[in-house]
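Open the model in your viewer and keep the sequence panel beside it. The tour below goes stop by stop, saying what to select and what is found there.

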Amino acid sequence: PKRIFSGIQPTGNLHLGNYLGAVQKWIQLQDNGENVIWSIVDMHSITLPHDPKELSNNILKMTATLLACGIDPKKSILFQQSTVDTHAQLCWILGCLTSFTRLARLPQFKEKSETLKSIPLSLYIYPVLQAADILLYKATDVPVGQDQVQHIQLAQELAIKFNKKFGNTFPSICVVEDASQRIKSLRDPSKKMSKSDQTSKSRLDILDKPEILIEKLKKAVTDFTSKVTYEPEKRPGVSNLVTIHSMLTGKSPDQICSEVEGLDTGKYLLIYKLVLADVIVEKLNPIREEFSRLIREPAYLQEVLRNGTERATEIASDSWCEVRNKIGFENDI
Ligand code: TYM
């Protein structure tokens, strides 16, 4: 049977890259009646220095944001990673099946550790914990943005390795690779839109007010051609805007380009940017409003998470028992 799992770090605000690369898809899958589990991965988010008070607020904030986007706790299991003990436990087992050199090849480690004087061990084994997240639920599908694909491939490898060594346990994982799943920075379209980017002008946050969204879009780096075309290699800036437009509306990039063909786009595509701003504002307004309602109900948010923990634990415990048995931790002779 198909089971879908994905995770998101509770760091700062959800941006449009997270939304289009992941969350929007999660909601479609949920609404199609799939068997879906979403995790707020607090353990991953402490691999870089953090403030405890802020983390604890951010967990509730992320919960409210995901619900506001359309995650429905009746249809989805939504839970906080650290409340299910077996993630860390399975991580240890999988750590025994991978090698130092294998993890060194993963690009996110290189990027994230570049600026650090002393590199936490957890940053290095981060992808192993991610693999444990996925395998613990015997997930078959993991909808993520393109930046996470290599981590899912590691999970895939570890599942195969475990199965070979200890007997068939984990299903194979389907990785969907789709170049359009990478939303770029508005300030530098050669980089991805990212929570950790110093300048907040580089990303559109889901909870940004309309004035802010419009301001950031107006300043989005494009080029000197006033025509709207979709050529990701040649014109990364405008193509990124078309990607966003296309993913929000479900129309193809070509369709978007031909729709705005006759538009006098003005200097630096200003008019096109305003057309896109309208689409974004219309999509995000109801989400922002629902968020401000939910964030005033922490007891409800906590209840949702508690319920998620219960349901996630049920599944995770079964897998963990099976793993313990297979690797010889049980001595029931
Ligand atoms: P995180 O929290 O950085 O991002 C959450 C999701 O958003 C996607 N994403 C993007 N998609 C398109 N364009 C962008 N610019 C962009 N930026 C972020 C990410 O690909 C991701 O799908 N390690 C993961 C969290 C995680 C996880 C897991 C995911 C932990 N365990 C198990 C899947 C399965 C992360 O840091 O995502």
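**Stop 1: a pair in one helix**

Select Arg 293 and Glu 290: they are three residues apart in helix α12 (residues 270-294), so about one helical turn separates them. Helices here are DSSP runs of H or I with at least four residues, strands are runs of E with at least two, and both are numbered from the N terminus. This is a predicted model, in which local features need pLDDT of at least 70 and side-chain atom pairs count only at pLDDT 80 or more, while totals for chains, interfaces and linings use all residues. Residues are numbered from 1 along each chain as its sequence is written, and side-chain values use heavy atoms, with hydrogens and water left out.

Show the two side chains: Arg 293 and Glu 290 meet in a salt bridge at 2.9 Å, N to O. A salt bridge means a side-chain nitrogen of Lys or Arg within 4 Å of a carboxyl oxygen of Asp or Glu. Side chains of opposite charge can pair when their charged atoms come close.

Relative accessible area sorts residues into buried (under 20%), exposed (over 50%) and partly exposed (in between), using a 1.4 Å probe and protein chains only. Arg 293 is partly exposed at 40%, Glu 290 is partly exposed at 28%, and Glu 297 is partly exposed at 33%.

**Stop 2**

Now select Lys 138 and Glu 322, whose side chains form a salt bridge of 2.6 Å, N to O. Lys 138 lies in the loop between α7 (121-136) and α8 (149-166) and Glu 322 in helix α13 (residues 298-327), so the pair ties together parts 184 residues apart in sequence. Both ends are partly exposed: Lys 138 has a relative accessible area of 23%, and Glu 322 has 25%.

**Stop 3: Asp 141**

Stay with the loop between α7 and α8 and select Asp 141, which is found there. Is Asp 141 buried or exposed? Asp 141 is buried, with a relative accessible area of 16%. Beyond its neighbours within four places in sequence, Asp 141 is in contact (heavy atoms within 4.5 Å) with Lys 2, Arg 3, Ile 4, Phe 5 and Cys 174. For a distance check, select Asp 223 as well: the two C-alpha atoms are 38 Å apart in space, and the residues are 82 apart in sequence.

**Last stop: the whole chain**

Zoom out and colour by secondary structure: the protein chain has 13 helices and three strands. Along its principal axes the C-alpha trace spans about 80 × 45 × 40 Å. Colour next by burial; buried residues make up 49% of the 333 residues. Among contacts with a separation of 6 or more, 74% are between residues 24 or more positions apart. To finish, show the salt bridges: how many does a search of the whole structure find? The search finds 17.
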